[in-house]
Amino acid sequence: MFVHCALNGRRQPGEHDAVPVTPEQLARDARAAVDAGAAALHLHPRDADGRESLAPGDCDAAVAALREAVPDVELSLTTGLWIAGGDVAQRLEQVRGWSELPDCCSLNVAEDGWRELGELLAERGVWLEAGLSAAAHPEQLADAGLAGRCRRALVEPQETAPEIAVANAGAIDGNLERHGVELPQLHHGTDLTTWAVLDAAHRRGREIRIGLEDTLWLPDARRAESNAALVAAAVARYGVRSSG
């Protein structure tokens, strides 16, 4: 099982004291998560006030810190449109200004401007993780002609009931096959759906994502101490393989 660790997401430190925000905190958590068994990392860079940021300076600082801490590990950044205030043009301008490029970026098919952003990232040599949260998204990805620039399909159901989230992940999975999109799939849930979605993904032989972005809780309902603790729990539950 390939384990991807989502270090912080939209979480604020008030939600959990261990949420990493600064480049130094992200680098520390990245090292610990990799040592626990993570093969790849996903992060949301922050500005000096701790707010999510796509600004070149903030993203460059975060990527540089992680490159030093875990030089051989795949790094993925968010491109969430909400971070740019919903402004498609501003997001493109900010991403165009990045100097320290990650290996991948998540690209949310549900957002306006995702095709244009995908084309820009591809031109810059950054692989895509196509974020698919609805059963119709695989067809949209296939029609956009960007599947060849994708490292993987990120299957991320947004439903809050575990059984419904699992069913939606299965529908997305099936529609990827139906539309001929042959990509590795990385599945994750959110909060209460997390472990149910991962259990189902493991049964299908899919990649999984875990981290404080997705949940604060271990499978036995104890509060996780850190990203590394969540990765270790996933490794113990499913086993792990290296990124190679």
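Biologist: What ground rules apply here?
Modeller: This is a predicted model, where local features need pLDDT of at least 70, side-chain atom pairs count only at pLDDT 80 or more, and totals for chains, interfaces and linings use all residues. Residues are numbered from 1 along each chain as its sequence is written, and side-chain values use heavy atoms, with hydrogens and water left out.

Biologist: Which residue of S3 is the bridge partner of His42?
Modeller: Two strands pair if DSSP finds at least two bridges between them. S1 (residues 3–6) runs parallel to S2, with 3 bridges, and Ala6 has His42 as its partner there. S2 also pairs in parallel with S3 (residues 74–77), over 4 bridges. In S3, the partner of His42 is Ser76.

Biologist: What is the hand of the β-α-β unit made by S2, H2 and S3?
Modeller: A crossover is right-handed if, with the strands pointing away from the viewer, the path from the first strand over the helix to the second runs clockwise. S1, helix H1 (residues 23–36) and S2 make a unit of that hand. The unit of S2, helix H2 (residues 56–69) and S3 is right-handed.

Biologist: How far apart are the end C-alpha atoms of H1?
Modeller: The expected span of a helix is 1.5 Å times one less than its number of residues. H1 has 14 residues, so it should span 20 Å, and the model agrees: its end C-alpha atoms are apart by 20 Å.

Biologist: What covers the buried residues of H1?
Modeller: Buried residues in H1 include Leu26, Ala30 and Val34. Contact means heavy atoms within 4.5 Å. The cover includes S1, S2, H2 and helix H8 (227–238).

Biologist: How many disulfides does the structure have?
Modeller: A disulfide is a pair of cysteine sulfur atoms within 2.5 Å. The sulfur of Cys5 is 15 Å from the closest one, in Cys104, too far for a bond. Cys104 is in none either; its nearest cysteine sulfur, in Cys105, is 7.8 Å away. The whole-structure search finds 0.

Biologist: Is Glu111 buried or exposed?
Modeller: Glu111 sits in the loop between strand S4 (104–108) and helix H4 (114–123). It touches Thr79, Gly80, Leu81, Trp82 and Arg91, not counting residues up to four places away in sequence. Its relative accessibility is 13%, so Glu111 counts as buried.

Biologist: Which residue of S6 stands opposite Gly131?
Modeller: S5 (residues 127–132) pairs in parallel with S4 over 5 bridges, and Asn108 stands opposite Gly131. S5 also runs parallel to S6 (residues 150–155), joined by 5 bridges. In S6, the residue opposite Gly131 is Leu154.

Biologist: Which helix lies on the right-handed crossover from S5 to S6?
Modeller: S4, H4 and S5 make a right-handed β-α-β unit. From S5 the chain crosses to S6, again right-handed, through residues 137–144, helix H5.

How values were computed
Helices (H or I, at least four residues) and strands (E, at least two) are DSSP runs, numbered from the N terminus. Buried means under 20% relative accessible area, exposed over 50%, partly exposed in between (1.4 Å probe, protein chains only).
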